[in-house]
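Colleague: I am new to this one and would like to understand the words you use for it. Could you show it to me and take me through the terms?

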Amino acid sequence: MKMIIAHTPDPDDAFMFYAMFEHKIETSFEYEQVVKDIETLNKESIDGKYDVTAISANGYMHVSNIYDLTTSGASFGLSYGPLVIAKKNMDLKGKIIATPGRYTSAELLYRMFAPEAGEYKEIRFDKIVNAIMNDEVDAGILIHDEQLTFQEKGLVPVLKLYDEWKKYAGELPIPLGFNAIRKNMPMEDKLKYKRDFENSIKYAQEHQNDAVKYAMKYSRYDDFDLEKRFILMYVNDLSVDFGDKGRQALTLYYKRAADRNIVKPFTPTIV
């Protein structure tokens with residue numbers, strides 16, 4: 001049996017799938033990969049296009065009738081999360097804010113915790129820094145490895161969304177990216193896939209340098225140490241199995257959005 005897995009071109013995703021796609025471990029299925037940016041995958045998930053797909057916590061609400069979340073493969077920020085940056089410090093209320101996409105966790109977190117924007121402008125995540133530099137927007141929400149390089153261009157952090165999350169959720173990690181598997185797949189196959197993916201993540205953690213080298217083919221920076229630092233920010237023990245702590249964080253994430261009347265009350269289905 002072949003499964004089609006869609007993941008992002010982000011080095012943390014590639015790092016986790018390294019052992020599966022490079023046949024470093026025995027697997028229950030043959031896996032074929034598709035690589036697209038997270039907002040594209042969020043939108044394509046509406047059509048149930050892939051057996052397994054990367055998805056944002058925000059995007060998942062719209063496809064919970066098609067997919068289940070898996071406890072493996074998640075990205076939680078343990079003490080960090082999306083950053084709002086600009087050319088200078090400013091009051092964000094009423095400003096034009098670049099977001100990496102309507103369905104991304106980053107945009108929903110902004111709507112939960114930041115002053116109301118005048119306009120949300122959807123820009124591909126790796127183009128947001130340039131949009132700020134070119135005065136296309138007042139500020140932007142940064143995700144992925146651009147978080148480690150924006151200051152080189154003279155930009156400054158205006159709001160750290162993790163800090164706002166911590167005031168609300170305490171020490172619980174901030175939910176960001178997840179993997180989802182087709183709801184109509186037999187449970188036995190879902191569990192086999194989860195076991196393969198958990199083993200792949202563990203293998204990468206035990207062979208970090210080899211896994212980072214593999215992930216570098218997707219990276220936007222030719223800097224091994226930078227990419228390794230970024231990967232290890234978001235691939236942690238919760239990535240293998242996010243357990244009760246992850247479930248609690250997701251519950252509070254969706255509750256905050258519902259309490260703010262941004263979304264309807266929502267409970268995810270998790271396997």
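Modeller: Gladly! The largest cavity has a volume of about 300 Å³. This is a predicted model, where local features need pLDDT of at least 70 and side-chain atom pairs pLDDT 80 or more, while totals for chains, interfaces and linings use all residues. Residues are numbered from 1 along each chain as its sequence is written, and side-chain values use heavy atoms, leaving out hydrogens and water.

Colleague: Which residues line the largest cavity, and which lie nearest its centre?

Modeller: A lining residue has an atom within 4 Å of a point. The lining has 24 residues, with Ser75, Ile143, His144, Leu176 and Gly177 nearest the centre. Strand E11 gives the most, four residues. Helices (H or I, at least four residues) and strands (E, at least two) are DSSP runs numbered from the N terminus.

Colleague: What classes of residue make up that lining?

Modeller: There are ten nonpolar, eleven polar and three charged residues. Ala, Val, Leu, Ile, Met, Phe, Trp, Tyr, Cys and Pro count as nonpolar, Asp, Glu, Lys and Arg as charged, and the others, Gly among them, as polar.

Colleague: Why are E8 and E10 said to stand at the edges?

Modeller: The open sheet runs E8-E7-E9-E6-E10, with mixed pairing. E8 (119-122) and E10 (156-160) each have a single partner strand, so one side of each is left without a neighbour in the sheet.

Colleague: How do you know that E7 and E8 pair?

Modeller: Two strands pair if DSSP finds at least two bridges between them. E7 (residues 96-99) and E8 have four bridges, in the parallel sense, so by that rule they pair. Isoleucine 97 has tyrosine 120 in E8 as its bridge partner.

Colleague: Why is glutamate 116 called partly exposed?

Modeller: Buried means under 20% relative accessible area and exposed over 50% (1.4 Å probe, protein chains only), with partly exposed in between. Glutamate 116 has 48% relative accessibility, so the label is partly exposed. Glutamate 116 sits in the loop between H4 and E8. Leaving aside residues up to four places away in sequence, glutamate 116 touches Leu92, Lys93 and Gly94, where contact means heavy atoms within 4.5 Å.

Conventions. On a 1 Å grid over the protein atoms alone, a cavity is a set of points where a 1.4 Å probe fits but cannot get out, and a pocket is an open set with protein on both sides within 12 Å along at least five of seven lines; lining residues have an atom within 4 Å of a point. Grid points are joined across faces, edges and corners, and a volume is the space filled by probe spheres set on the points.
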